[in-house]
Amino acid sequence: MSDAPDSPSSQGPPPRPLAALILAMAAILLMGLSLRIPTISLSPLLPSMMDDTGHGRPSFHS
């Protein structure tokens, strides 16, 4: 066993290219933006959807 600084066991993982990091960050950003719009646009429609379907109303049985 040698303690040479260029031996594979003494070095950490190889550095990742900057382009891969930028691509990963862009993919995460685009996924977040694409999921934001449907989630936000649903809340104003909930009262009319509840009225149309009858869900969310308390039911009283006598």
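1. Of this chain's 62 residues, 2% count as buried, where buried means under 20% relative accessible area, exposed over 50%, and partly exposed in between (1.4 Å probe, protein chains only). Please keep in mind that this is a predicted model: local features need pLDDT of at least 70, side-chain atom pairs count only at pLDDT 80 or more, and totals for chains, interfaces and linings use all residues. Residues are numbered from 1 along each chain as its sequence is written, and side-chain values use heavy atoms, with hydrogens and water left out.

2. The chain has 2 helices and 0 strands; helices (H or I, at least four residues) and strands (E, at least two) are DSSP runs, numbered from the N terminus.

3. Helix α1 covers residues 18–42. Its 25 residues should span 36 Å at 1.5 Å a residue, and the end C-alpha atoms are 38 Å apart, which agrees; the expected span is 1.5 Å times one less than the number of residues. The number of buried residues in α1 is 0, so the helix lies largely in the open.

4. Leu 18 belongs to α1 and counts as exposed because its relative accessibility is 60%.

5. Now to the other helix and what follows. Gly 56 sits in the segment after α2 (46–53) and is exposed, with a relative accessible area of 63%.
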